[in-house]
Amino acid sequence: MSQHPSRRRFLGLLGSAALAAGCGTNSPARNRPFEGRTLTVFVYSGLDEMFREGFAGPFEAATGAAVEIDAGWWDAIGKLKASPKGRPAYDLVLTDATQGYPAIKDGLFRQIDFKKLTNLAGLHPGVLDNQAAKDRYGVTFPESAQVIAFDKRRAGDSPPAGWGDLMRPAYSGRLALYNHFYMSLFALAAVKVAADGRPGTAHAAVENDLAGVLDFARRERKRVGLWWPSGPKMLQDLLAGNFAAGNAHSVTLLQAVAEKPDVVGVAAPEADRAFVQLMWVIPADTPNADVAEAAIDALIGKDMQLAMARRGAGIAHVEAAAVVAAENPLWAATYPHTPARFDALRYFPYEAYFKDWAGLNKVWDEEILRAS
Amino acid sequence: MTTRSALFPWLLATPAVVLLAVMFVAPLALVVRVGFGESEWTIRAYADLFSGKLLLPVAAFTVALASAATILAVLIAYPVALAVHRLSPTPRALALAVVVLAKLANVFVVLYGVQLVLGRHGPVNAALTATGVVAEPLLLTQSAAGVLVAETYLLLPYAVLLLAPAFDRIDPALTAAARGLGATPWVAFFRVTLPLTLPDVVVAARLCLIWSLGAFVGPMMLGGPDEMTLSVLVQRLGLEANDYPRAAAASVVMLATVATCVGAFEVAARIALKAGGAARA
């Protein structure tokens, strides 16, 4: 028996399950295509609850597959590398570009049959304008934007509004940046181009004048008093008053602003906005690739995209983005939600980084991150 | 001795040997292999590591932190253990429970508490600013001081638990005899109690040293890039930079560092114990 359900059949079953749930019946749907199979999904820790509630339950009801969500940070690739052949630790992985591209190069992931992804039509093509998606290895989306976080208690009457404001003498030694270069080197590039009177050209600076950006970073590193290792730690330090301003992931900040409006300030400058590229990828030798493809289709569907956006994440679904933008002005100010904004979307300059990933890592760790 | 009785100790050790072989020797062999390249054989990872500017300062900080935390933990634990020893059974059990309390909570929870205490709005900064020692709150986290406080705090319960029974083993008549022969309480302590507890001090210090040479959570949560330890370096190279060969090479360097430090510690301990023995004699 084939393990591949037809697209029409899968959607029909998804609809039946939704109808059954809506009528309050608990009877299992018959002939569910993935009955008895298990889909193990790796997601980032901060998002695991949302995927459990928003994806796992409905997908199990519709398809019969059991969904196991495993939350972590960078450990997915290591676990996949250590997995026995034919039995990968995961059937579906949510990873970011810094982890995903090297793993694709190492042959850890398989190509996805985009023809099976009926919901792909709802995504803006701009979010898929990258090598991982072009080669059909990953379904990418802008999960988080780099924004400026600041402590309202210390900001006074003139909170930072643009990257150039981080050069103010008052912030010297009181800045906090992420300790990973893919984000903070770009933040420093944005500060540099703003200081040079050319805001909005940070991508070009990283792509064409990386040496200049690195020199600026070496020179100005003393302005940074705190290098944060993770989003939750950044938030802890912000609430504890350990820094005045710095860069942050919007997905962390947008939730925090709602919970601690007196302390947490956020600015999302239009100029030099860059997005973290996350991607859904399928391990090369999983026996559940068909289930994983069906799962990706559900994950990029409007309902799941709405759930993600309402949790503060960026999404790729144009209609869902418009709905959430109307509900939440701060979300609208941060993420693309109109065709024009989707057209203008830029991820971090990963391709420029990957030209010399190891070299950049070394310079960052040895000459910028550490004082000695 | 029959063959059967000669084999008995080996049979008893078999579960531990199997566990060690499967869970330590085999993974270690794989780590060593990855250090020489994931597919081909090369020494590039080691060459990169040793030619870079990161390894030496990180290794030096790891050793300095471990040494300082070990010394501090034992110095703090010793009088605590002595005080616990002098308590009657019920308060003594309570005191030991208080010491162990920190270990019952998740290490992240404990260190989050330490972060709050050392934070800008925490009680330490409040006291420093209130007394005029500093004009504005200090950033005590993201500093070597913060990491040292955290590591010492994490080691302390082990040191106390190892040292507390040491005092029980000393015959009270020995101290009484010293006092009877005219020794002051301090002289009796230094000539009798301290030398007799020295072997347990060595055991406690050895455990603290080995533990703190692998410090990871403390430096991650309370340190910055300048407080990077070898464990943190391995994590950064492997999981963040995706450079598994360099991470494996750093792991091997870390093992060599631990072995060297423990070796140096054993030499120093032997000298100290010999001196302690001479003092007793």
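Mentor: Here's a quick chat about salt bridges and one proline. This is a predicted model, where local features need pLDDT of at least 70, side-chain atom pairs count only at pLDDT 80 or more, and totals for chains, interfaces and linings use all residues. Residues are numbered from 1 along each chain as its sequence is written, chains are lettered from A and ligands numbered from 1 in the order in which they are written, and side-chain values use heavy atoms, with hydrogens and water left out.

Trainee: How many salt bridges are there over all chains?

Mentor: The search finds 31. A salt bridge here is a side-chain nitrogen of Lys or Arg within 4 Å of a carboxyl oxygen of Asp or Glu.

Trainee: What does B:Arg206 pair with?

Mentor: B:Glu266, with the closest N and O atoms 2.6 Å apart. This pair links distant parts of the chain, 60 residues apart.

Trainee: And which residues are linked in a network?

Mentor: A:Asp215, A:Arg218, A:Glu367 and B:Lys53.

Trainee: New topic: what is A:Pro159 in contact with, leaving aside neighbours within four places in sequence?

Mentor: A:Phe150, A:Asp165 and A:Arg168; contact means heavy atoms within 4.5 Å.

Trainee: Do tell me about those last two. How far apart are the closest N and O atoms of A:Asp165 and A:Arg168?

Mentor: 3.6 Å, and they form a salt bridge.

Trainee: Why does A:Pro159 count as partly exposed?

Mentor: Because its relative accessibility is 34%. Buried means under 20% relative accessible area, exposed over 50%, and partly exposed in between, using a 1.4 Å probe and protein chains only.

Notes: Helix = DSSP H or I, 4+ residues; strand = E, 2+ residues; numbered from the N terminus.
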